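Dear colleague,

I am passing on the structure we talked about, together with some notes on its pocket and its ligand. Please look through it below before reading on.

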Amino acid sequence: MTKKRFAKQSEVIMTEMVLPNDTNTLNNLMGGKLMHWMDVVAAIAAQKHSTRIVVTASADSISFKHPIALGNVVTLKAKVTRAFNSSMEVYIEVFAEDIPANKKITTHRAFFTFVAVDQGGRPIEVPEVEPETEEEIELYEGALRRRQLRLVLAKRMDPKDAVELKSIFNLDEKKEEN
Ligand SMILES: CC(C)(COP(=O)(O)OP(=O)(O)OC[C@H]1O[C@@H](n2cnc3c(N)ncnc32)[C@H](O)[C@@H]1OP(=O)(O)O)[C@@H](O)C(=O)NCCC(=O)NCCS
């Protein structure tokens with residue numbers, strides 16, 4: 001197994017400005033443009049962790065609660081939370097800033113999964129993640145049940161094998177009670 005790497009070694013910060021070509025007819029950032037930026041920043045984080053070519057395997061649900069206006073400065077922060085065999089979960093935070101108005105808000109939080117591949121596109125092993133801060137440890141610990149949930153939804157895992165997921169709902173205990 002390859003040597004562990006600290007979570008912070010994969011951190012990437014990307015800054016963009018919302019320009020007229022990026023907006024919808026209400027002059028707010030298009031969702032697809034934001035997802036493109038999220039994909040890019042997260043792919044760089046996964047590359048930094050694995051030092052390999054990476055491909056996007058999945059993006060967990062993203063909702064658009066706060067519109068981001070034309071002229072806002074958008075900062076995207078990405079970091080690998082946990083690595084499994086060939087796959088890595090990346091946590092992305094998005095902040096929108098209206099600099100003249102001195103206003104900055106967190107607009108999105110999302111998890112993407114990337115797979116490290118060789119030149120032929122075949123999955124290859126990646127180093128484990130060593131979390132250090134309280135937030136990194138919390139994200140690391142939650143990553144296993146998020147992985148199980150997304151693999152069950154993608155029909156790549158039998159729900160009965162999703163042990164971590166079942167434990168948070170206490171499904172077995174409830175069955176025994178009935
Ligand atoms: C992602 C990809 C490499 C997986 O290949 P595969 O032949 O299914 O390989 P495996 O079944 O061995 O899975 C490899 C890893 O991918 C993970 N994976 C596959 N599908 C996944 C999904 N929907 N969500 C999360 N992880 C997924 C598996 O859990 C596994 O992780 P692990 O090695 O850490 O245990 C392959 O499906 C692919 O190349 N997809 C296209 C990627 C791409 O082009 N992305 C850009 C979008 S257009």
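Please bear in mind that this is a predicted model. The largest pocket holds about 340 Å³ of space, and of the 14 residues that line this pocket, Ala-57, Ser-87, Thr-113, Leu-151 and Arg-156 are the closest to its centre. At least two lining residues come from each of strand E3 (53–59), strand E5 (87–98), strand E6 (103–117) and helix H2 (134–153), with H2 giving the largest share, three residues. Sorted by class, the lining of the largest pocket consists of five nonpolar, five polar and four charged residues.

Turning to the ligand, 16 residues surround it, and the closest of them are Thr-56, Asn-85, Ser-86, Ser-87 and Arg-156. For Ser-86, an N or O atom of the side chain is 2.6 Å from an oxygen atom of the ligand. On its own the ligand has 950 Å² of accessible area, of which the protein covers 56%.

The elements that contribute two or more residues to the shell around the ligand are E3, E6 and H2, and the largest share of that shell, four residues, is supplied by E3. By class, the shell around the ligand comprises seven nonpolar, six polar and three charged residues.

With best regards

How values were computed. Residues are numbered from 1 along each chain as its sequence is written. This is a predicted model: local features need pLDDT of at least 70, side-chain atom pairs count only at pLDDT 80 or more; totals for chains, interfaces and linings use all residues. Side-chain values use heavy atoms; hydrogens and water are left out. On a 1 Å grid over the protein atoms alone, a cavity is a set of points where a 1.4 Å probe fits but cannot get out, and a pocket is an open set with protein on both sides within 12 Å along at least five of seven lines; lining residues have an atom within 4 Å of a point. Grid points are joined across faces, edges and corners, and a volume is the space filled by probe spheres set on the points. Ala, Val, Leu, Ile, Met, Phe, Trp, Tyr, Cys and Pro count as nonpolar, Asp, Glu, Lys and Arg as charged, and the others, Gly among them, as polar. A residue is near a molecule or strand if one of its heavy atoms lies within 4 Å of it. A polar contact is a pair of N or O atoms within 3.5 Å; within protein, one must be able to donate a hydrogen and the other to accept it, and residues adjacent in sequence count only if both atoms are side-chain atoms. Accessible areas come from the Shrake-Rupley method with a 1.4 Å probe; for residues, only the protein chains shown count as cover.
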